[in-house]
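Please read this briefing beside the sequence and the 3D view.

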There are 2 protein chains.
Amino acid sequence: MGGDSGPRTVVAALVKSLHKHPTVSALLFGDQQCLQDELSLCNDQSLLSRIDVCHSPNFVAGTDQPSVALRRRRDTSMGMALRAVADDRASACISSGNTGILMALGMLELKTLPGIARPAICATLPTSQGHSYILDLGANLDCSAQQLVEFALLGSLTAQALDGLASPQVRLLNVGEEVSKGSEVIKTTAELLSHEPLINYAGFVEGDGIFKGLADVVVCDGFTGNVALKSSEGVARMIGDMIRESMGSSWLSRLLSLFMAGTFRDLRCRLDPAVYNGAYLLGLTRVVVKSHGGADEQAFGYALDVAIEAAKRNLPEVLSPILQAKYQQH
Amino acid sequence: MGGDSGPRTVVAALVKSLHKHPTVSALLFGDQQCLQDELSLCNDQSLLSRIDVCHSPNFVAGTDQPSVALRRRRDTSMGMALRAVADDRASACISSGNTGILMALGMLELKTLPGIARPAICATLPTSQGHSYILDLGANLDCSAQQLVEFALLGSLTAQALDGLASPQVRLLNVGEEVSKGSEVIKTTAELLSHEPLINYAGFVEGDGIFKGLADVVVCDGFTGNVALKSSEGVARMIGDMIRESMGSSWLSRLLSLFMAGTFRDLRCRLDPAVYNGAYLLGLTRVVVKSHGGADEQAFGYALDVAIEAAKRNLPEVLSPILQAKYQQH
């Protein structure tokens, strides 16, 4: 447990999160001694009473083969946390571990919702209009048209459940907006989506359209989504670095940057990848949230918020009967 | 001819470019009357004598079917401009027209270099280290491993020829850096590239790595490249808009932004998509450059610079014997 920076970050974020959400309690999986040491830094006994430390002798390493992780799941923190959700001892599982293994273990322990072959990784992205959901972000590199339709359904139902949108606009990520553009899989998916009564399909969207907020839900295969997300993060970071550099380049601009701090704090808040940390593994029967391996305390806190919000809204339970009804018809 | 804003932009940019490059002359294809009208705004007779207006009765519309454009190529501005390059009446062709049709007509009129099945669209992107070449950006949506190897070769030889790099680092765009990551095509390509003596293959790069400048040349299929490029442009534009908004939100920040103008001008120059306008159609036997359809005068000027530079360095002629030698061995 713990991601790149270990349990310290997770425990500190969890303590803050439990302060913020007084009705929430937590099971904490990992090395008991290590977790107790981190928790001993907190003096709030009533808060500590809401945290159950569950000792796990092992953990899934980032370099583990999925087969090894599957075999050893009964005594790894990731496997035991997922089992706790499967056994209804917890409402949501959150992990900073290897995404592929989290997905594989999640499918094994929790199963997928009716009609859904494989879950998709879904994150929210900032747009000039607010935010959009985008999926898949890397769980499924090659996708069939049928899979992309499943992702569209999952995304649309999620936007309805979490944002209260009556009819979220769903678009397919493509290299052009004209119907003649794209690969055969994309064109077939567009055809299927345009006949899908549960989805408000609005056509193709190009990469730049994501950030214009042209869609509430953007659907793509995991390869494309992963590259789009990471490229965007890369540009945002480069621009941030350039601003800092430019600001530091003269004493006058350094002085002025003090005055401008509010402006840039505001901007950073709207763009900060930490705010958008916490991706859903959509399509599982329970809430599973993946936090970025490199997340700091604040970012892990946002991922906890994402998990808590989805659990409070019973996300998979809301989706399940709709998918059941749809896929029973066939 | 002329892109979204018509011949006015192109003619104005061309006149400026000929001022800047006194040894360059131009053939201008389009409606003669219309072009003459635009040129009449220029009073410099000696400069005007370096521009030959070539009347073309038709043009390729953005919505034309490739088959129609191919049939009518003898009397469209795009077809006639490519023919002029094929006939050695010009050293480079630059167009703002439909990319797919420019590619199809280019292959027909100019043919591809030895061993190259299809050309790729290649652009330079700003990175924190300077710039990188990325290809393909949309000409080939599905690519075989062999095609990706061809793109890697084209990109590497181009970086050598244009930037004087002895051994450019070439990386494959992927969803992770570990060798186990990616689709079958990506893994096969990596295997082929690691045994290719003409290429300094440095492994995988993720989307955010592009902008860290981890590679001199980034190779990907046209679907992924197009989405990565446009997503990045979208984020950069959104951030620019947010900065402008934040700046305008109080009288104090507005006043300060006047003082900061230099800083932001500097930043804009380093990020301006216009500076990076002008993509090569790499793999053709002559220089063909695609300018963005929505390019303004300044951006079209940059695309002219790109074409002039590539023509001066005889880009395809430099690549041709190397590819010939390589592919004759097989």
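In which hand, left or right, does α1(B) pass α2(B)? The crossing is right-handed, a word used when the near helix is turned clockwise from the far one by less than a right angle, the anticlockwise case being left-handed. This is a predicted model, in which local features need pLDDT of at least 70 and side-chain atom pairs count only at pLDDT 80 or more, while totals for chains, interfaces and linings use all residues. Residues are numbered from 1 along each chain as its sequence is written, and chains are lettered from A and ligands numbered from 1 in the order in which they are written.

**Helix α1 against helix α2**

- In chain B, helix α1 (residues 7-20) and helix α2 (residues 32-39) have axes that come within 10 Å and cross at roughly 50°; helices here are DSSP runs of H or I with at least four residues, strands are runs of E with at least two, and both are numbered from the N terminus.
- The axes are lines fitted to C-alpha atoms, for helices over the stretch in contact, and angles run from 0 to 180 degrees between N-to-C directions.
- α1(B) and α2(B) are therefore oblique to each other, given that angles under 35 degrees count as roughly parallel, over 145 as roughly antiparallel, 65 to 115 as roughly perpendicular and the rest as oblique.
- The α1(B) side of this contact consists of B:Pro7, B:Arg8 and B:Val11, and the α2(B) side of B:Cys34, B:Leu35, B:Glu38 and B:Leu39, where contact requires C-beta atoms, placed from the backbone, to lie within 7 Å.
- Sorted by class, the contact of α1(B) with α2(B) has 5 nonpolar, no polar and 2 charged residues; Ala, Val, Leu, Ile, Met, Phe, Trp, Tyr, Cys and Pro count as nonpolar, Asp, Glu, Lys and Arg as charged, and the others, Gly among them, as polar.
- In chain A, the axes of helix α1 (residues 7-20) and helix α2 (residues 32-39) come within 10 Å and cross at roughly 50°, and α1(A) and α2(A) are therefore oblique to each other.
- The crossing of α1(A) and α2(A) is right-handed, with A:Pro7, A:Arg8 and A:Val11 in α1(A) meeting A:Cys34, A:Leu35, A:Glu38 and A:Leu39 in α2(A).

**Helix α1 against helix α13 in chain B**

- The axes of α1(B) and helix α13 (residues 297-312) of chain B come within 8 Å and cross at roughly 55°, which makes α1(B) oblique to α13(B).
- α1(B) passes α13(B) in a right-handed crossing.
- From α1(B), the residues B:Thr9, B:Val10, B:Ala12, B:Ala13, B:Leu14, B:Lys16 and B:Ser17 meet B:Glu297, B:Phe300, B:Gly301 and B:Leu304 of α13(B), and the residues of this contact divide into 6 nonpolar, 3 polar and 2 charged.

**The sheet of chain B**

- An open sheet of 8 strands has the order β3-β10-β9-β4-β5-β8-β6-β7 in chain B, with mixed pairing; two strands pair if DSSP finds at least two bridges between them.
- β3 (92-95) and β7 of chain B stand at the edges with a single partner strand each, so one side of each is left without a neighbour in the sheet.
- Strand β4 (residues 120-127) and strand β5 (residues 130-135) of chain B pair in the antiparallel sense over 6 bridges, and B:Thr127 stands opposite B:Gly130 in β5(B).
- Helix α7 (residues 145-163) of chain B packs on the sheet, touching β4, β5, β6, β8 (217-219) and β9 (279-282) of chain B, and its direction makes about 165° with that of β8(B).
- Strand β6 (residues 169-173) of chain B is mostly covered, as 5 of its 5 residues are buried; buried means 20 or more other C-beta atoms within 10 Å of the residue's own, exposed means 12 or fewer, and partly exposed lies in between, with C-beta atoms placed from the backbone.
- β6(B) runs parallel to strand β7 (residues 200-205) of chain B, to which 4 bridges join it, and B:Gln169 stands opposite B:Asn200 in β7(B).

**The sheet of chain A**

- In chain A, 8 strands form an open sheet in the order β3-β10-β9-β4-β5-β8-β6-β7 with mixed pairing.
- Strand β4 (residues 120-127) and strand β9 (residues 279-282) of chain A pair in the antiparallel sense over 3 bridges, and the bridge partner of A:Ala120 in β9(A) is A:Leu282.

How values were computed:
Contact = placed C-beta atoms within 7 Å.
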